[in-house]
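User: I've got a protein model open and I'd like to go through it piece by piece. Could you take my questions as they come?

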Amino acid sequence: MTLRLAILGDSLTAGYGLAPSEALPVRLQAALARLGLTASVLNAGVSGDTTADGLRRLDRDIPDGLDLCLVALGANDMMQVIATETIRRNLDAILARLAARGIRAFLCGMGAPPWSGLYAVALAGLFREAARRHAVALDPFLLAGVALNPAYALPDRIHPNAAGIEIVAARLAHVVAAAVGHARTG
């Protein structure tokens, strides 16, 4: 059986600066295959999107019948220093809409750099709280092990390069596999 997944995201999902074969959904699909899971991962990433943009296009871009939808938004909200209360409302609406459609969600957290002070702390807590409120699986920080490391960044020093995406996909595959396994038995 082929698992049907989608990633609702931004440039990190869309594959900004990368070949289409290097984008996160493609690499996640390959990483899941290495774990023995046959999956089809839809790329629903749009560069520049905030949580509000993702909410606006959710019903258009996320098809019914998915086994799991990864919600990987928040980087552009953070870059624009959008109020955490606004981000919370948008994430709540996205997760509630997915649940109403019978689509299990998986939330990918985003973090602000440490020099962002209290905003960084509030942003990290916001994803944990949203996952808890909606009883969905959480990857606390999508770019764990990659962010702020020039070896894994494109020349813009923001977006991951192909090697960085491979690290994200390999790590994410394990937590997604566990979430899908839980969804099938739970």
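Predicted model: local features only at pLDDT ≥ 70, side-chain atom pairs only at ≥ 80, totals over all residues.

User: Let's start with the fold. In what pattern do helices and strands follow each other along the protein chain?

Analyst: The protein chain has 7 helices and 5 strands. Read along the sequence, they come in the order β-α-α-β-α-β-α-α-β-α-β-α.

User: And how compact is the chain for its 186 residues?

Analyst: Along the principal axes, the C-alpha trace spans about 45 × 35 × 25 Å. For 186 residues the globule rule gives 16 Å, and the radius of gyration is close to that, so the chain is as compact as a globular protein of that length. The radius of gyration itself is 15 Å.

User: What share of the residues is buried?

Analyst: The cut-off here is under 20% relative accessible area. Out of the 186 residues in the protein chain, the buried share is 47%.

User: Of the contacts between residues at least 6 apart in sequence, what share joins residues at least 24 apart?

Analyst: A contact here means heavy atoms within 4.5 Å. Among those contacts in the protein chain, the share joining residues at least 24 apart is 76%.

User: How far apart are the mean positions of the positive and negative charges?

Analyst: The protein chain carries 17 positive and 15 negative charges.

User: Which residue of S5 partners Cys108?

Analyst: S4 is also joined to strand S5 (residues 137-139) by 3 bridges, and these two run parallel. Within S4 (residues 105-108), Ala105 and Leu107 point one way, Phe106 and Cys108 point the other way, and all are buried. The bridge partner of Cys108 in S5 is Asp139.

User: Now Gly9. Is Gly9 buried or exposed?

Analyst: Gly9 is part of strand S1 (residues 3-9). Leaving out residues up to four places away in sequence, Gly9 touches several residues, including Ala44, Asp49 and Arg57. Its relative accessibility is 0%, so Gly9 counts as buried.

User: How far is Gly9 from Ala72 in space?

Analyst: Ala72 is also among the residues that Gly9 touches. The two sit 63 residues apart in sequence, yet C-alpha to C-alpha they are separated by 4.6 Å.

User: What is the phi of Ala135?

Analyst: Most residues other than glycine have a negative phi. Ala135 is found in the loop between helix H6 (118-134) and S5, and it is exposed, with a relative accessible area of 68%. Although Ala135 is not a glycine, its phi is positive, at about 50 degrees.

User: And what about the phi of Arg157?

Analyst: Arg157 lies in the loop between S5 and helix H7 (162-185). Arg157 is exposed too, at a relative accessible area of 65%. Arg157 is not a glycine either, but its phi is positive, at about 60 degrees.

User: Last one: how far apart are the C-alpha atoms of Arg97 and Asp59?

Analyst: Arg97 sits in helix H5 (residues 84-100) and is partly exposed, with a relative accessible area of 30%. Not counting residues up to four places away in sequence, Arg97 touches Leu55, Leu58 and Asp59. Arg97 and Asp59 are 38 residues apart along the chain, and their C-alpha atoms are separated by 8.5 Å.

Conventions:
Residues numbered from 1 in each chain as written. Heavy atoms only, no water. Helix = DSSP H or I, 4+ residues; strand = E, 2+ residues; numbered from the N terminus. Rg over C-alpha atoms; globule rule 2.2 N^0.38 Å. Buried < 20%, exposed > 50% of the residue type's maximum accessible area, 1.4 Å probe, protein only. Lys, Arg positive; Asp, Glu negative; His and termini not counted. Charge placed at Lys NZ, Arg CZ, Asp CG, Glu CD. Pairing = 2+ DSSP bridges.
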